[in-house]
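Please consult the sequence and structure shown here alongside the text.

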Amino acid sequence: MMAMFLYSFTLVPPSAAVASIIGQFSGLRHQEIVIAQGSRLHLYRPDQAAGKLVEIVSCDVYGVIRTIMPFRVAGASKDFVIVGSDSGRIAILEYKPEHTRFMKVHLETFGKTGVRRVVPGQFLAVDPKGRATMIASVEKNKLVYILNRDSAANITISSPLEAHKARQLLFDVVGLDVGYENPIFAALEVDYSECDLDPSGRAHEEVQKKLTYYELDLGLNHVVRSWTEVVDRHANFLMAVPGGADGPSGVLVCTEGFITYRHAGKPAHSVPIPRRRTPFDDPTRKRVIVSGVMHKMKAAFFFLLQTDEGDLFKLTIDYGVHGVTEMRIKYFDTTPIAKSLNILKSGFLFVAAEGGPHMFYQFEKLGDEDDEIEFLSGDYAKGPMTSYPTAYFSPRPLENLVLVDVLNSLNPLISADVSNLTGDEAPQIHALAGQGARSSFRTIQHGLDVTEIVASELPGEPTAVWTTKLTAGDEFDAYIVLSFTNGTLVLSIGETVEEVTESGFISSAPTLAVQQLGENSVVQVYPKGIRHISFEKEVTEWEAPLHSAIVAATTNSRQVVIALSTSEIVYFELDEDGQLNEYQDRQAMGAPVTAMSVGDVPEGRVRNSFLAVGCRDQTVRIISLDPENTLESLSVQGLTAPPSALRILSMPNSTLFESSQILDGNSTLYLHLGLENGVYLRAVLDSITGQLSDTQTQFLGTKAVKLFKVPMQGQPTILAISTRSWLAYMHGASFKVTPLVYEPLEFGWGFCSEQCLEGVVGVEGSNLRIFTMENLTENIKQDLIPLSYTPRRLARNPVHGIFYVVEADNNTLSSGVKEELIAQSRKEFVELPVEDFGNPRYSHKWASCVEVVDALVREKTQKIEFEDGEAAFSIAVCSFSASPKHLRGDDEDEDEEEEQERMEDGEKDVYVVVGTGRVQSLIPKKMSAGYIHVYRAINEGKTLEFVHKTELEEAPLSMSEFQGHLLVGVGRSLRIYDMGIKQLLRKAEYRSRNFTNIVSVNTSFNRVVVGDMQQSVTYLTYDKQEHRFLPFADDVVARHTTCATMLDHSTTVGGDRFGNLWVVRAGEKISRDADVDDGSHLANMRGYLDGAPSRLDLVSHFYAQDIPTSVHKTQLVPGGREVVLFTGLQGSIGVLAPFSAKEDVDFFQQLEALLRAEESISLVGRDHLVYRGVHVPVKATVDGDLCEQFVLLNADAKRKIAGELERTPREVERKIAGMRTRYAF
């Protein structure tokens, strides 16, 4: 038996923004946005006409991106990107539009790898003139690099200049705008040297925070501290003020409650940070600035500064020859809390949100002429800021900004469940994402989002539909042709859809094909013949031979081919006079024809050279249509089932091909096949010989596959219809086959009108549907239900499609308390939507609830708020083996017959168990009490009925059903509870000094796997006779577990808070012995260091770079193998798929090793093997994301690697794509 070996790949990349920057990275006039998310860089270009953000490129740097900054050296025409990462190097990147990728310009090593507090990379600042950059660490180290250009206009970078100082913590650093004087960097620092020497703590209380200027002397080539000033010790954020000819220079120091302008030799000016005027304002909580942006205009500049509540304030500075004279601040608008703010010269604001989707706004006005209160620094010039009255403003809906686009984000993804509630072939992922009032319950499924334009009911059920133009010069389709079992209906396309009675089509017979032919004619193929209809409605008929009928047909703009019931092929071609002429010979196929296809006529030619014919004998034949060998068979390919549909279609290149396989520089000819067993195939059709090669397969459903050519987003695509509708298309360098999240169609065709330039018309039952797909880059469809607070955990009702979600927010007022304060307030107050303005903040308060979510109808059915400062942290669904009848509500009139019938069916009461606690402090963690609330699910699970509440010493963080009981992890203790009348009854308990806090419990028969917050997982067996837990195996590494699940009786997969995924297993003998007599003999075995007597084996280990929040064993594609699906806190979703053959393991290990040697793989210079094994060496896992980079390499690199593997580049690509489609999407 082959040992477990896993293949890791990403389904949804992380969407948590590290930072976002703007610049002219392509060297064009328009600005672009670069967003760093996890280990990926995304480049977006605003579409000003549509008000949308268009993704240009997305690349993985295979390193932890810590910060990014743009810069442009003097005289350059484009911006570059500086990246600070965990590679111990400073990386300068350039975007190459001709290659559609970022390229390395410089990699300068300065320190150790990893995210360390003394290794630079956490902070990055750039001189506004592009002359120098400072990269700094959290403590001690600062390095300055001089940037320049050589005679060939290439970027040069100097050796680093040190500005280190021991025992100094850095909070922020910016590059000062000083014109063309020596570059200066402003840093916000604290010297803690005295704090280390003072055990009393007094030095810590008196420590001072300082604003320091570091000046780079370009003449002497060194860095000096030119100026230092003490600032408020709560200062946290710096903003550089324009200088030189554009402003007074200097820096804005943002601290709790106010903002101060500081500059060497200049007086300070301060303005308050206004607070919201609400009935529930917390006077003890001060606002802080968390992000900001400065925007220059022709003769002025302004700042937009954002508080930790999301409020934007516009700050302007009045200045003269002697410096700043006045600062003004006033409320601007409210947006989601941002990690970065970016203002584009085209009038847009991009908000890289801290949590939830990122927002793209357009400026309606600059807020210069509104009635908002303006606060002036001159009014706060005397005395400390704390001596002045509090500044207030009234929040309101958006006035200066308008939302134009949203970039979806799952960050933070807190928990998830994988289940198939809809009965589809693939399961759905139900996730909890977001924070605060912007959080949501999301249903995620694989598929393209569809925009429906028309849905109309027809008088009957059509069997097919087509659209056609009347002349070759028409821009839009003129007719929709519907075929029924006994006739044909023709509809006109215009402002209104009307039946056309004089179209020339025969209406008394079903239609097999419709095509606009030549310059100005249309052809209709029906079972008994062909009608050639001219623009003047003159009809030319060709009738099928006696005792035979047409069973299949295929057409293009100059050719018509039909198949008769006698298995003969009849070929027609349009001559120069516009007449449809029959070729003199007919080709007998020897088997009934099931499908045919002739491709489009290539530009500059009069015919397509190939005809594909599928027969009942499970073969497909390529037949020549060239005049020299018309209807001569060129190749035959055997299939696994009779073909039901064929399409010859050229598509953009995805890889290397031989010269005969390439039609032109950008496209390759393919034959797309649909089989009756639900399999879809795509094979390369050689444009010279007609041979088929490089076949790719994918199972689409249980019904026979139908194929249709539909144009979408400027490229030819294939609409494949089986039990679901699918779209086959090129995305970048990859070929994708993605289902549509839409009603299953029975027939489809391309649709083009003035209102919908690229759409699809389809029939579903008796309904005619017209729709389009606006975005082919996102193959994930998300449906969300808003939640009240930050979600913590969810549980699913095992009988009904109902989810129960517990939510809790710290320093937040609950809805009940908020309503009471509003009622007590004597002033009129207009409550604003919490989705936009958030829940009200209040120190040392908790808001928590449990909500019932119906995922099928996408609505919330109940909300139960927790009072008295309780916060919910865990939830489980349990059916107790003993649930007394008298525990149900007295007002429930369920008679004894219904009760008896329910018990005979084996149906038990479903209880929802919620774990809560009263939190006194989070750091250090301290709770006054914990509770378990028990609710009974009634009304098909949509309503919760309170049963009772059990008090504990602290909040339980994990619960699960176990043999008709409730298994609870409470701190260091593992307990079993049974249902009681007034509270839960404790039946068993296991307490270990090795446990710190139990965060997960998983069960299999009498076995329990406990995941601890700091001590990995421990295997225990439950002795029913003695009601006790007996540990028999634990881990050798103290992993900080965040989630875990059992793969089988002996194997567990889990994740830890450092971003690692691991699989551990109990040895075969250890596992077998633990099951003998419920493991009672383990009581006499001696444990090791108060732990278990045996150790778990590490099977697999892999660094995912995102903190796993849930892991699931599931099957993602119909007919596929089970995989491990994991979700990450930053919004990522990934898969660990098991290899099934040793040959595949050897192939992908060798491919991975060859790709690691490619210099272009990591843009930041991170060693890939070290990156994936940053904490523990990677074991038994292949990085599938790295393997998929093969398709992005240049042709020479592909040939080199494929040669080492003794494969062709196409075979390597097909094998890589096959791993993804076999297990997921």
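## Strand pairing

In this predicted model, strand 88 and strand 89 (residues 1123–1128) run antiparallel and are joined by six bridges. Within this pair, His-1112 has Leu-1125 of strand 89 as its bridge partner.

Both strands belong to an open sheet of five strands, ordered 88-89-90-1-91, with mixed pairing. From one strand to the next, the twist averages 25°.

## Helices across the sheet

Helix 7 (residues 1142–1156) lies across strand 1 (6–12) and strand 91, and runs at about 50° to strand 91.

Helix 11 (residues 1209–1223) lies across strand 1, strand 89 and strand 90 (1133–1138). The angle between helix 11 and strand 1 is about 75°.

## Model confidence

The average pLDDT of the protein is 92, and 97% of the residues score at least 70. Among the elements, strand 85 (residues 1060–1065) has the highest mean pLDDT, 98, whereas helix 5 (residues 896–904) has the lowest, 51.

Over residues 655–665, pLDDT stays under 50, and the model has 34 contacts beyond four places in sequence for this stretch. Residues 889–895 likewise stay under 50, with eight such contacts beyond four places in sequence. Where pLDDT is low, predicted coordinates should not be read in detail.

Key: Residues are numbered from 1 along each chain as its sequence is written. This is a predicted model: local features need pLDDT of at least 70, side-chain atom pairs count only at pLDDT 80 or more; totals for chains, interfaces and linings use all residues. Side-chain values use heavy atoms; hydrogens and water are left out. pLDDT is the predictor's confidence in each residue, from 0 to 100. Helices (H or I, at least four residues) and strands (E, at least two) are DSSP runs, numbered from the N terminus. Contact means heavy atoms within 4.5 Å. Two strands pair if DSSP finds at least two bridges between them. Axes are lines fitted to C-alpha atoms, for helices over the stretch in contact, and angles run from 0 to 180 degrees between N-to-C directions.
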